[in-house]
Amino acid sequence: MDKGLYVAMTGAREAMLAQSVHSNNLANASTIGFKAFYNDAVNHSIKADHGHDTRSYAMGANLSVDFTQGVMDQTGNDLDVAIAGEGFLVVQTPNFEQKLSRAGAMQLTPEGLLVDARGNPVLGDGGPIVIPEYERLTIGRDGTITIQPAGADVNETAIVGQLMRVNPPVGQMTREPDGYFVAPGGLPPIDDNVEVVSGMVEGSNTNVVMEFTKILSLGRQYELQVKLMKESRDQSEKTARLLQLS
């Protein structure tokens, strides 16, 4: 394969892959607790026998997650919480895996089980949290869930659970295809310093303007690389015709 054609192809490939990443970020601009991806392509040089660089091709680096905090949105729902600063909630997936989440939009099943928006149980210090019928519910900054039981006096309260909060180093975490996060080595220890704010959720940290601008820029880069591929092919064909005449 012509070297110039291959180099241009790698540039087009990485531009196309980067577009898909930023398109996914843009599509999740309204997803609660979503953390945007970002990726970089680096130049990989090839050395000839004489030891000097002859050409460079584009090579994609690993995808990384932007863990900056999203905007806090007030919902008025007593069951909703947003992490104030660093940290994660813990949920249990259908195959009983424990994964981490920043999406604090919660609800109750008919049986009183506290679940996230996907229906997965939100874990407390003692496992899944079950909340009986109540007149009033509050969630403290330490994740403690306190209720006024149904039919009880206004001054009668009961603690029914405490949200599990963890705070592993984000540089070591990965995001699973289901959107949850996992930390190496299994579930991190509980961190009582992680605080939550009741009645709010954390929105996506996607910067819509930046993502849209990046998609347009990558589209132009892709078109340029395709033009270079065509030019390289045309030059190869011209060279082949000249050799046939000689």
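Select arginine 13 and glutamate 14 first: in this predicted model the two side chains form a salt bridge, and their closest N and O atoms are 3.0 Å apart. Colour the pair by accessibility and you will find that arginine 13 is partly exposed, with a relative accessible area of 31%, whereas glutamate 14 has a relative accessibility of 10% and counts as buried, because the cut-off for buried is under 20%. This pair belongs to a set of salt bridges whose count comes to eight.

**A network of charges**

Lysine 99 forms a salt bridge with glutamate 176, where the closest N and O atoms are 3.6 Å apart. Lysine 99 sits in strand E8, residues 98–101, while glutamate 176 sits in the loop between strand E17 (174–175) and strand E18 (181–182), so this pair ties together parts that are 77 residues apart in sequence.

Is lysine 99 buried or exposed? Lysine 99 is buried, with a relative accessible area of 6%. Glutamate 176, at 26% relative accessibility, counts as partly exposed, and aspartate 178, at 26% as well, is also counted as partly exposed.

Show strand E13, residues 134–139, beside it, and you can follow an antiparallel pairing of E13 with E14 over five bridges. One place to look along this pairing is arginine 136, whose bridge partner in E14 is glutamine 148. If you then trace the chain from E13 to E14, you will pass through a hairpin with four residues between the two strands, and in the turn you can pick out glycine 143, which has a positive phi of about 85°.

On which strand does E14 find its other pairing described here, and how many bridges join them? Select strand E15, residues 158–162: four bridges join it to E14, and the two strands run antiparallel. Along this pairing, isoleucine 147 stands opposite alanine 158 in E15, and threonine 146 has isoleucine 159 in E15 as its bridge partner.

With the three strands shown together, you have an open sheet in the order E13-E14-E15, with antiparallel pairing. E13 and E15 are the edge strands, each of them pairing on one side only. Turn the view to look along the sheet, where the twist averages 25° from one strand to the next.

Switch to a surface display and select Met16, Tyr222 and Val226, which make a nonpolar surface patch of about 250 Å². Valine 226 is found in helix H2, residues 208–245, and this valine is partly exposed, with a relative accessible area of 35%.

**A buried aspartate in a loop**

Now select aspartate 80, which has its place in the loop between strand E5 (72–74) and strand E6 (81–84). Although it is in a loop, aspartate 80 is buried, with a relative accessible area of 6%. What does aspartate 80 touch, not counting residues up to four places away in sequence? Its contacts are Thr75, Gly104, Ala105, Met106, Val197, Ser198, Gly199, Met200 and Val201. Pick methionine 200 from that list and draw a distance between C-alpha atoms: aspartate 80 and methionine 200 are 5.6 Å apart in space, yet 120 residues apart in sequence.

**The whole chain**

Finally, zoom out to the whole protein chain, which contains two helices and 20 strands. Of its 246 residues, 37% count as buried. The chain exposes about 14,000 Å², and carbon and sulfur atoms supply 54% of that area. Among contacts between residues at least 6 apart in sequence, 62% join residues at least 24 apart.

Key: Residues numbered from 1 in each chain as written. Predicted model: local features only at pLDDT ≥ 70, side-chain atom pairs only at ≥ 80, totals over all residues. Heavy atoms only, no water. Salt bridge = Lys/Arg side-chain N within 4 Å of Asp/Glu carboxyl O. Buried < 20%, exposed > 50% of the residue type's maximum accessible area, 1.4 Å probe, protein only. Pairing = 2+ DSSP bridges. Axes fitted to C-alpha atoms, helices over the stretch in contact; angles between N-to-C directions. Patch = residues over 30% accessible without salt bridge, like charges linked within 9 Å, V, L, I, M, F, W, Y side chains within 5 Å. Areas by Shrake-Rupley, 256 points an atom, 1.4 Å probe, with all protein chains shown as cover. Contact = heavy atoms within 4.5 Å.
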